[in-house]
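Please read the numbered points with the model open alongside.

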Amino acid sequence: MQNLNSSLNAEKSSTFDSTSGFIVGQRVHFAGDHRRIGTVKYVGPVEGYSGTWIGVDWDNADGKHDGSINGIRYFEAESEKSGSFVRPQNLSFGVSLLDGLELRYRGSSTKEEEEEMYVLSASNRRVSIELVGKEKLEDKLSRFEELTVASLSYLGVSYLGPTCQIRSVMPNLKELDLTGNLLSDWKDIGNICEELPTLRALNLTNNKMASVMTGLPLLKNIRILVLNNTGIQWAEVEILKLSLPMIEELHLMCNKISAITPKYTSAVQGFSSLKLLNMEDNCISDWVEIVKLFLLESLEQLHLNKNSLTRICYPDEDMLCDLLSNCESTEKSIKPFNNLRCLLLGGNKIEDLASVDSLNSFPKLTVRFYN
């Protein structure tokens, strides 16, 4: 009973502490280490220790416990060793986008930061910037109005900052990499995109995004969106697509997605401009989930490496009838995956010859990777 009461008392103190400034659900990093990132799960006292403590669930599971200590549970950590208690002064809740820009391009860069300076190619590959004439390059990068590409990875960016300044400071920015920061609120993402009207490509890899999507504006200029390891599921993708009418590339790697779940129909609709969908390193085991994508008429590349697929097939008429039964404005004679040219299937569990033979049924498939 003592442990239960202590747990309840801990819960009462677990949401907000005005002296520390931290709240439950907030993304933080360890002071002085932008790559050690976690989520605040508890704020308050810890029995046997003085003062306020912050219970953090670390992304890389390098904690000390599962959220309980000395028999008292303060929070639920993701794993047995991902949680720890930290003093408020040893944590940072991040900086603004403009502050991150100053740190990366106007401060003196370390060797590690120079290695982080790269641009994103059209296929989301990193192309390093060659530091020839370093002083000249740094001078150019420090003039933010000339920047078309910015890499602000692992700088602790957690919010936009003064909205009246962003647009005038970076009027020509087209590609922005925010990998490994402290962003989680989709409203912040919408504000960033609205303040950068020329932005075409946005990388949010390794930011744990909230499952609730509210306040997202129409992001009509975004062509490439990278959401690798953000925790997003297909239910959120269905909401997100309404704000992305011109999206051409969508990267969803490492999100533990096991099912494709259209909101109102059996098959995915919309995404009229989507050419590349990257769902590598997820948990899809049933090919029927992939068949739900057959109405995406612009889709040319589908990346499915490192899932758990055991078989594939080209959808037959019965399968199509089931999927089309509640879809609006669709032709019954449509050819599934009509423009698909590249299908990547490496690292799955496909072994039967019928699956291999079925690849020949895709109308325009020319590039495939299968093992």
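1. Basis of the note. The model is a predicted one, in which local features need pLDDT of at least 70 and side-chain atom pairs count only at pLDDT 80 or more, while totals for chains, interfaces and linings use all residues. Residues are numbered from 1 along each chain as its sequence is written, and side-chain values use heavy atoms, with hydrogens and water left out.

2. Confidence. The protein has a mean pLDDT of 86, and 82% of its residues reach 70 or more; pLDDT is the predictor's confidence in each residue, from 0 to 100. Over residues 1-13 the value stays under 50, and for this stretch the model has 13 contacts beyond four places in sequence. A contact here means heavy atoms within 4.5 Å.

3. Aromatic pairs. Nine aromatic pairs are found in a search of the whole structure. Rings of Phe, Tyr and Trp (its six-membered ring) pair if their centres lie within 6.5 Å; planes under 30 degrees apart count as stacked, over 60 as edge-to-face and the rest as tilted. The ring centres of Tyr 74 and Phe 85 are 5.3 Å apart with planes at 85°, so this pair is edge-to-face. Tyr 74 lies in the loop between β5 (72-73) and β6 (83-86), and Phe 85 lies in strand β6, 11 residues apart. Helices (H or I, at least four residues) and strands (E, at least two) are DSSP runs, numbered from the N terminus.

4. Tyr 74 is buried at 9% relative accessibility, and Phe 85 is buried at 16%. Buried means under 20% relative accessible area, exposed over 50%, and partly exposed in between (1.4 Å probe, protein chains only). Phe 85 also pairs with Phe 75: the centres are 5.8 Å apart and the planes are at 80°, so this pair is edge-to-face. Phe 75 is in the loop between β5 and β6, so its pairing with Phe 85 in strand β6 ties together parts 10 residues apart in sequence. Phe 75 is buried, as is Phe 85. Tyr 42, Tyr 74, Phe 75 and Phe 85 form one aromatic cluster.

5. Charges over rings. Arg 35 lies over the face of Tyr 154, 4.1 Å from the ring centre, and Arg 106 lies over the face of Phe 144, at 4.0 Å. The criterion is NZ of Lys or CZ of Arg within 6 Å of the ring centre and within 35 degrees of the ring normal.

6. Positive phi. Most residues other than glycine have a negative phi. Asn 229, which is not a glycine, has a positive phi of about 50°; Asn 229 sits in the loop between β15 (224-226) and α7 (234-240) and is partly exposed at 39% relative accessibility. Asp 281, also not a glycine, has a positive phi of about 60°. Its place is the loop between β17 (276-278) and α8 (287-291), and Asp 281 is partly exposed at 34%.

7. Cysteines. How many disulfides does a search of the whole structure find? The count is zero, a disulfide being a pair of cysteine sulfur atoms within 2.5 Å. Cys 193 is buried at 9% relative accessible area, and Cys 313 is buried at 16%.

8. Helix α6. Cys 193 is one of the buried residues of helix α6 (residues 186-195), which also include Trp 186 and Ile 189. The buried residues of α6 pack against α2 (97-105), α5 (163-169), β13 (175-177), β14 (201-203) and α7.
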